[in-house]
Amino acid sequence: AKVALFKGGLIFLGASVVAAQIVYTLFVPSVPLFEVMGAFSLLGLVANGVCLFLLTRHRHEDENMASVWEGSRNDIASNLAVFVAAGAVWFTGSSWPDTVVALGLVWLLLRSALRVIGSARAELRAAV
């Protein structure tokens with residue numbers, strides 16, 4: 001449960017970094033390279049898909065495995081969202097699709113972090 005609590009903190013940190021990047025791009029606007037976005041999102045999707053497949057049967061074993069599975073699921077959602085954003089950046093020639101997807105990722109990561117932290121804290125309280 002302590003490891004899961006730490007992972008929840010890392011997920012929260014990831015959400016904070018994405019939120020900070022959104023704020024930065026509002027002050028220093030630039031159009032991201034859609035080719036790089038698309039290529040790396042597809043590579044990540046393949047790697048994270050394999051991980052999620054391998055973790056699926058273990059996700060209910062304990063809080064730690066559940067948090068790892070949730071992290072992999074978030075990674076796949078992120079990869080898909082970035083791929084869609086890359087296409088929208090290419091189509092529009094604007095950075096706004098990237099910003100909209102980033103806002104969605106912040107919401108997803110915050111929700112996940114709170115769920116993992118809440119479950120880990122409940123398990124730690126029950127152990128005491």
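**Entry 1: the salt bridges**

I began in helix 3 (residues 63-92), where Glu70 and Arg73 both lie, 3 residues apart, or about one turn of the helix. The two form a salt bridge, and I noted 3.5 Å between the closest N and O atoms. I was working on a predicted model.

I then asked how many salt bridges a search of the whole structure finds. The search gives 2. The other partner of Glu70 is Arg115, and the side chains of Glu70 and Arg115 meet at 2.7 Å, N to O. Glu70 lies in helix 3 and Arg115 in helix 4, so this pair ties together parts that are 45 residues apart in sequence. I therefore wrote down Glu70, Arg73 and Arg115 as linked in a network of salt bridges, with Glu70 tying helix 3 to helix 4 through Arg115.

Is Glu70 buried or exposed? Glu70 has a relative accessible area of 9%, and because the cut-off for buried is under 20%, Glu70 counts as buried. Arg73 comes out at 29% relative accessibility and counts as partly exposed. Arg115, at 33%, also counts as partly exposed.

**Entry 2: the chain as a whole**

I stepped back to the overall layout. The protein chain has 4 helices and 0 strands, and from the N terminus on I read the elements as α-α-α-α. I noted a span of about 55 × 30 × 15 Å for the C-alpha trace along its principal axes. The chain has 128 residues, and 31% of them count as buried; Glu70, from the first entry, is buried.

**Entry 3: the largest pocket**

I looked for space in the structure and found about 320 Å³ in the largest pocket. Which residues are closest to its centre? They are Gln21, Thr25, Pro32, Asp98 and Ala102, out of 16 residues that line the pocket. I then checked which elements give two or more residues to the lining, and these are helix 1 (2-27) and helix 4 (96-127). I sorted the lining by residue class and got 10 nonpolar, 5 polar and 1 charged.

**Entry 4: the nonpolar patch**

I listed a nonpolar patch formed by Val23, Tyr24, Leu26, Phe27, Val28 and Trp96, with about 680 Å² of accessible area together. Which element gives the largest share of the patch? Helix 1 does, with 4 residues.

I took Tyr24 as one member to check. Tyr24 lies in helix 1 and has 46% relative accessibility. The cut-off for exposed is over 50%, so Tyr24 counts as partly exposed.

**Entry 5: Phe91**

I ended back in helix 3, where Phe91 lies.

How values were computed
Residues are numbered from 1 along each chain as its sequence is written. This is a predicted model: local features need pLDDT of at least 70, side-chain atom pairs count only at pLDDT 80 or more; totals for chains, interfaces and linings use all residues. Side-chain values use heavy atoms; hydrogens and water are left out. On a 1 Å grid over the protein atoms alone, a cavity is a set of points where a 1.4 Å probe fits but cannot get out, and a pocket is an open set with protein on both sides within 12 Å along at least five of seven lines; lining residues have an atom within 4 Å of a point. Grid points are joined across faces, edges and corners, and a volume is the space filled by probe spheres set on the points. Ala, Val, Leu, Ile, Met, Phe, Trp, Tyr, Cys and Pro count as nonpolar, Asp, Glu, Lys and Arg as charged, and the others, Gly among them, as polar. Patches are made of residues with over 30% relative accessible area and no salt bridge: like charges are joined within 9 Å, nonpolar side chains (Val, Leu, Ile, Met, Phe, Trp, Tyr) within 5 Å. Accessible areas come from the Shrake-Rupley method with a 1.4 Å probe; for residues, only the protein chains shown count as cover. A salt bridge is a side-chain nitrogen of Lys or Arg within 4 Å of a carboxyl oxygen of Asp or Glu. Buried means under 20% relative accessible area, exposed over 50%, partly exposed in between (1.4 Å probe, protein chains only).
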